[in-house]
Amino acid sequence: MRIGLILALAYFAASALANAALAGSAPAHPWDDPMLPPDRRAVLAVAAMTPAEKIGLVHGGLGAPWGGAPKPAGAVGSAGFVPGVPRLGIPPLQETDAELGVGDPGDIRPGDTATAMPSNLALGSTFDPALAVEQGRAVGAEARAKGFDVLLGGTANIIRDPRGGRDFEYVSEDPLLTGTLAGAAVAGAQGNRIISTVKHFVLNDQETDRVVLDARIERAAMRESDLFAFELAIERGRPGSVMCAYNQVDGAYACENDWLLNRVLKTDWHYPGYVMSDWGAVHSTVASALAGLDQESGDQLDTQDFFAVPLAEAVARGEVPAARLDDMVRRILRSVFAAGIYDDPPRPGAFDPAPAAAVAQRIAEAGSVLLKNDGVLPLPPTLPRIAVIGAHADRGVLAGGGSSQVVPTGGIASSEPAPDGFPATLTFDPSSPLDAIRRHAPGAEVGYADGHDVTAAARLAAGADVAIVFADKWMTETADAPDLALPGGQDGLIAAVARANPRTVVVLETGGPVLMPWLARVRGVLEAWYPGQRGGAAVASILFAQANPSGHLPVTWPAGEAQLPHPTLQGDPNGAPRGPVGRGGRYGRIYAADYSEGAAVGYKWFATRHQAPLFPFGFGLSYTSFGLRDLSAGMKDGRLTVGLTVRNAGGRAGAAVPQAYVERPGDPGFPIRLGGFERVELAPGEERRVTFGVDPRLLARFDEAGHVWRIAPGRVRVTAGFDAVHRGLAAETDVSAASLAP
Ligand code: BGC
């Protein structure tokens, strides 16, 4: 027996003796009192635990069969499972992926389905925190009804590159929008007495080389961009857990990064919950435990069980203080108590999927972005002949790939092998756009061509009053797109249809911006992202004006790759493992990715470079028109407050998303920043005065040496409009010098 293990066993035995008295003393546990603060309850529970019980809580495996072993006893069946401590009433942690709905990877729960929500890009496009709360609430309720108590949801990474494989899981390129909506979704989910997670902390902004990538970026820039999105999401959502990412940040893995975990998250932000690792993201025992990792997840995907026996040995040897192990457990239990799981653990029960499906449709409707409309939309329901073409529109709508994938209510509508031999299955959610279009135009002759035969599609289009081409691009976790092009000859298909029918509309189902060489030749473009299981219905209701489009781009739409900070993606797509490598695996050499653009992400990059995007951040058309006037900017109760009046100047009810941007004319290095936004529903002719309080950190620069946010005294310029480029209103005011705690 190894000496370390002997020491570990001795440590276990000594502490077990100390706890024995406690265990048998009282019928009810001292931490049972729900009136005690969660921190106190956690301290009391930790004091009663044996070292073995503590070690049991700080690492978990897959909640699924693996390597010939069956699903762990007691696991519902999901991405992760951490056994509880029945002796002390501590329930197991049943962890499920949940950011776009409750996952069922590999059909672990045979035949189980869940509401497939639209991608987070669609949620981001709504600019609507209230809808994000509803999304979280619906997914959390469904997860709880399946017996889960920990959601691996709440992505708060900002989108740095429009080719990112997980961009569809992310909310936006902007920290304020991302943090606000991610935090709202987490808060909505946790209202179900469940823990939710904010992930992937931090800079998991590309999939290429993600497990060997070292994201290099100045700390101050990180504080003002990627970290700020997490900071806001955590402040607003109060997630029970934070998941650290696969990649390294400035030379240290995110899950063993003392600066990120101990300094920023736990000290500067006073985060009281626990840090769980991503699946296969742990590389050490002592370094990780000391750096602030509290729980190893999916440990079969790590090269060894770092937080099982090796951690017990490290504690026994004094390399990890016993107090640190207690702190890890206390943080986990604190979240269990705070979420209400201890007092009311989930029990599998009935769930009515109808309200959740309605939420999915509302997000798809509010999050689809009308990019172009030369008067062709909305379609009159009386059109005699409609051609519907491409992208399996007869069956369903595309879903993104990876751990966020959901088996939708009603089952997968269609599936096929992923392109280019990629080892995955590409799936379509139900709700066929073709069927929905037929419902909206019951008298029309609606023909369908799958688009593989371009001549046949063009022929169908030529004989129709309008041609609607669906085009898609599959994106997935573990791989980025090499470029911004639509794949599979779809550009040629669209061009041919547009030549055959001058009234051509394109509906995109993509995980981010794509190039549109045919843009000038089509009359309308609607970006539906991956719109979830009610996507077809939502798209049709927009095309026929049952819903007025109101989505606004949460990402800048470049005119080409040359406009991006990295015209070619950093890293070698074939040079490194795609995902966790598992037992016996090897991680390759570390690849340093230089995020030299710093905080100038998305529209900020375009502004500093004076580049005109194809469509700016924040952009989106409506079937009505909106006006803005009377922008005001002034200090109120120490906070910059912006006011403006928004008016529906058209003939239909609709939602406007006025946006206010801030600049500091005295600081040439200060990038333009989104300072506030609001989604406003307005009846025809109605107008409303809207006011935003601007978060003071949005007026500040982070001073890394001084370890403080600093607001320089002087002018603030506020501009307002309906996107990041067309900002017709301007106002200025002065702010005084201030320093804000980090
Ligand atoms: C992903 C996480 C996910 C986890 C569990 C990882 O590959 O990066 O987002 O929660 O798997 O499925």
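Trainee: How far can I trust it, and what is the mean pLDDT of the chain?

Mentor: Residues are numbered from 1 along each chain as its sequence is written, and side-chain values use heavy atoms, with hydrogens and water left out. As the model is predicted, local features need pLDDT of at least 70 and side-chain atom pairs count only at pLDDT 80 or more, while totals for chains, interfaces and linings use all residues. pLDDT is the predictor's confidence in each residue, from 0 to 100. Here 96% of the residues reach 70 or more, and the chain mean is 95.

Trainee: How much of the ligand's accessible area does the protein cover?

Mentor: Oxygen atoms of the ligand lie 2.4 Å from a polar side-chain atom of Asp97, 2.8 Å from one of Tyr246 and 2.8 Å from a side-chain N or O atom of Glu477. On its own the ligand has 310 Å² of accessible area (Shrake-Rupley method, 1.4 Å probe; for residues, only the protein chains shown count as cover). Of that, the protein covers 92%.

Trainee: Which cysteines does the disulfide join?

Mentor: A disulfide is a covalent bond between the sulfur atoms of two cysteines, taken here as a sulfur pair within 2.5 Å. The whole structure holds one, right-handed with 110° about the S-S bond. One cysteine sits in strand β7 (residues 241-244) and the other in the loop between β9 (252-253) and α9 (258-268), 11 residues apart; helices (H or I, at least four residues) and strands (E, at least two) are DSSP runs, numbered from the N terminus. With S to S at 2.1 Å, the pair is Cys244 and Cys255.

Trainee: Which residue has a positive phi although it is not a glycine?

Mentor: Look in the loop between β5 (195-201) and β6 (213-216), where Val202 is found. The peptide bond from Phe201 to Val202 is cis, with omega near 0°. In the loop between β5 and β6, the residue with phi of about 70° is Leu203.

Trainee: And which residues does the other cis peptide bond join, with omega about 0°?

Mentor: Go to the loop between β11 (369-373) and β12 (385-389), which holds Pro378. The cis bond there joins Leu377 and Pro378.

Key: Polar contact = N/O pair within 3.5 Å; in protein donor to acceptor, adjacent residues only side chain to side chain.
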